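I opened my notebook to look up a few things in one structure. Here is what I went through, entry by entry.

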Amino acid sequence: MFYERLINMKKSLTIALFLSALWSLPAHAASVTHNFAVRLGVFDASRTQFTYELRGKTYRVQSEVSTNGIFDTLYPFKAEYFTNGKIEGDKLRTESYKYKSRSRFNTRRKELIYNDKGEPIYRISAKNDKEKKVTIEQDVDNQGTTDLQTVVAKLALQYNQVKFCAARMEVFDGKRRYDVIFKDEGQDNLPVTEKSPFSGAASKCSMYIDKLGEQGDDLLWDLTKDRPIYFWIMQDKKTKVPFIAKIKIDDTPLGELEVHTTSVEIKE
């Protein structure tokens with residue numbers, strides 16, 4: 001059904017917004033919070049907040065996505081995501097990943113339990129309070145994979161070090177294995193608009209999903225296979241901290257999707 005596929009599509013919105021939350025983190029900051037406005041076709045679709053915390057040898061990512069205005073009346077949806085883990089040199093190791101969402105007709109929860117090597121060993125999921133626990137087979141396809149939020153955190157650290165996006169990261173979501181591919185798209189200039197306080201020179205990057213032959217009714221994969229998520233990285237004039245000012249998907253079932261950063265707060 002279109003409605004169920006639309007709910008799946010919100011994953012693409014969530015993934016796109018993870019980028020903005022993570023890129024802004026300077027080496028000395030303990031916490032960075034982003035606020036976003038999301039437009040989907042003709043709809044002012046969402047107000048979203050993300051917080052990323054880095055404290056010594058640990059990291060945490062917490063994000064909330066909820067529909068807004070008329071879009072919320074038509075397609076009400078709210079989701080919360082939480083990841084924490086260890087920082088081991090230049091590597092990030094996931095310790096836990098949790099997700100919960102609520103739409104008009106369903107509530108969902110998912111949790112991945114990891115071992116001390118950062119490998120998922122159990123998946124706990126629930127739909128409308130019907131819970132099940134599944135043991136995840138530790139086969140070769142899952143080795144070296146991680147959750148999506150940690151993948152983007154790794155890319156954030158890479159960009160802060162070498163200032164380029166190009167990378168291929170391996171993800172396992174508890175059911176399926178896929179790759180997330182990032183590419184550099186050159187330099188661009190963001191014009192002044194009433195949607196965002198940020199404009200000027202920016203580096204343009206892209207992200208899309210390689211399904212690796214996996215099958216499933218997931219609109220995220222359909223959208224990002226041939227229509228990448230584009231994002232523009234800028235540098236704060238005062239603090240010199242890099243952040244993402246804009247995210248865009250050219251075509252979705254409801255039209256163009258644009259995400260604009262409205263504010264960034266950094267706490268020591």
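These entries cover ring pairs, charges over rings, nonpolar cores, a disulfide, one threonine and some strand pairs.

**Entry 1: the model**

I noted first that this is a predicted model.

**Entry 2: aromatic pairs**

I asked how many aromatic pairs there are. The count comes to 5. I looked up F36 and F50, which form an edge-to-face pair. Their centres are 5.4 Å apart, with 75 degrees between the planes. F36 sits in strand β1 (residues 31-40) and F50 in strand β2 (residues 43-55), so the pair ties together parts 14 residues apart in sequence. I checked burial too: F36 is buried, and so is F50.

Next came F182 and F231. Why is this pair called edge-to-face? The ring centres lie 6.4 Å apart and the planes stand at 80 degrees, so the pair is edge-to-face. The cut-off I needed is that planes over 60 degrees apart count as edge-to-face. F182 belongs to strand β10 (residues 177-190) and F231 to strand β12 (residues 229-235). The pair links distant parts of the chain, 49 residues apart. Both F182 and F231 are buried.

I also found a cluster. Ring pairs link F43, F71 and Y75.

**Entry 3: charges over rings**

I looked for lysines over rings. K204 has its charged end over the ring of Y230, 4.6 Å from the ring's centre. K246 lies over the face of W232, and here the distance to the ring centre is 5.0 Å.

**Entry 4: nonpolar cores**

In soluble globular proteins, nonpolar side chains tend to be buried together. I asked which residues have the most contacts inside the largest nonpolar core. They are V180, F182, F231 and I233, in a core of 31 residues. Helix α3 (residues 148-162) gives the most to this core, with 4 residues. There is a second, separate core of 9 residues. A79, Y97, L112 and Y114 are among them.

**Entry 5: the disulfide**

A disulfide is a covalent bond between the sulfur atoms of two cysteines. I searched the whole structure and found 1 disulfide. C165 and C205 form it, with sulfur atoms 1.9 Å apart. The torsion about their S-S bond is about 60 degrees, so the disulfide is right-handed. C165 is in the loop between α3 and β9 (167-172) and C205 is in strand β11 (residues 200-210), so the pair ties together parts 40 residues apart in sequence.

Are these cysteines buried or exposed? C165 is buried, with a relative accessible area of 0%. C205 is buried as well, at 1%.

**Entry 6: T94**

I picked T94 and asked where it lies. T94 is in strand β5 (residues 91-103). T94 is buried, because its relative accessible area is 1% and buried means under 20%. I then listed what T94 touches, leaving out residues up to four places away in sequence. The contacts include Y59, Y114, G118 and D147.

**Entry 7**

Strand β6 (residues 107-114) and strand β7 (residues 120-127) run antiparallel, joined by 7 bridges. K110 stands opposite S125 in β7. Their hairpin has 5 residues between the strands, and G118 there takes a positive phi near 80 degrees.

β7 also pairs with strand β8 (residues 130-135), in the antiparallel sense, over 6 bridges. A126 has E131 in β8 as its bridge partner. This hairpin has 2 residues between the strands, and N128 takes a positive phi near 50 degrees.

Notes: Residues numbered from 1 in each chain as written. Predicted model: local features only at pLDDT ≥ 70, side-chain atom pairs only at ≥ 80, totals over all residues. Heavy atoms only, no water. Phe/Tyr/Trp six-rings, centres within 6.5 Å; stacked < 30°, edge-to-face > 60°. Buried < 20%, exposed > 50% of the residue type's maximum accessible area, 1.4 Å probe, protein only. Lys NZ or Arg CZ within 6 Å of the ring centre and 35° of its normal. Core = buried A, V, L, I, M, F, W, Y, C linked by side-chain atoms within 4.5 Å. Disulfide = S-S within 2.5 Å. Contact = heavy atoms within 4.5 Å. Pairing = 2+ DSSP bridges.
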